[in-house]
Amino acid sequence: MTLRVRLGEGFQNNTVSVRVDGKEVFSKSGVSTDWTISRADAVDVKTGAASVQLEVAVEGGPRVTRTIEPAQTPFVEVRLVNEDLQLLPMGEEPPML
């Protein structure tokens, strides 16, 4: 099963890291939202677990951790809003605008 973590709105030249069950699966600097499609980047993570601990962090900024059940919500939209990270688990991939 694959968990897709999509970095969406609000990123502006940030360094972002994504961990699943404590293992870093994504780390990138210069992450910025392309406002024509409301997307900054994405990472696909293969997992066989019923639930995983997803952590997303912005260097020098917010960090959020949440338990995700990939079979129920295989897509997670991450938004940076007012210096706060929002994790939005979804059953279907959100459209690119």
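How many of the seven residues of strand β2 (residues 14-20) are buried? Please go on to the strands and charged pairs around the chain.

A: This is a predicted model, where local features need pLDDT of at least 70 and side-chain atom pairs count only at pLDDT 80 or more, while totals for chains, interfaces and linings use all residues. Residues are numbered from 1 along each chain as its sequence is written, and side-chain values use heavy atoms, with hydrogens and water left out.

Five of the seven residues of β2 are buried, so this strand is mostly covered. Buried means under 20% relative accessible area, exposed means over 50%, and partly exposed lies in between (1.4 Å probe, protein chains only). A strand here is a DSSP run of E with at least two residues, numbered from the N terminus. Two strands pair if DSSP finds at least two bridges between them.

β2 runs antiparallel to strand β3 (residues 23-31), and six bridges join them. Valine 20 stands opposite lysine 23 in β3. The hairpin of β2 and β3 has two residues between the strands. There, aspartate 21 takes a positive phi near 50 degrees. β2 also runs antiparallel to strand β5 (residues 52-58), with five bridges. Here valine 16 stands opposite valine 58.

Now the charged pairs. A salt bridge is a side-chain nitrogen of Lys or Arg within 4 Å of a carboxyl oxygen of Asp or Glu. The structure holds six. Lysine 28 is partly exposed, at 39% relative accessible area. Aspartate 41 counts as buried, at 12%.

β4 belongs to an open sheet of four strands, in the order β4-β1-β7-β8, with mixed pairing. β4 (41-46) and β8 (84-90) stand at the edges with a single partner strand each, so one side of each has no neighbour in the sheet.

Inside this sheet, strand β1 (residues 2-7) runs parallel to strand β7 (residues 75-81), joined by four bridges. Arginine 6 has glutamate 77 as its bridge partner in β7. The two also form a salt bridge, with the closest N and O atoms 2.9 Å apart. They sit 71 residues apart in the chain. Glutamate 77 is buried, at 2%, and arginine 6 is buried, at 5%.
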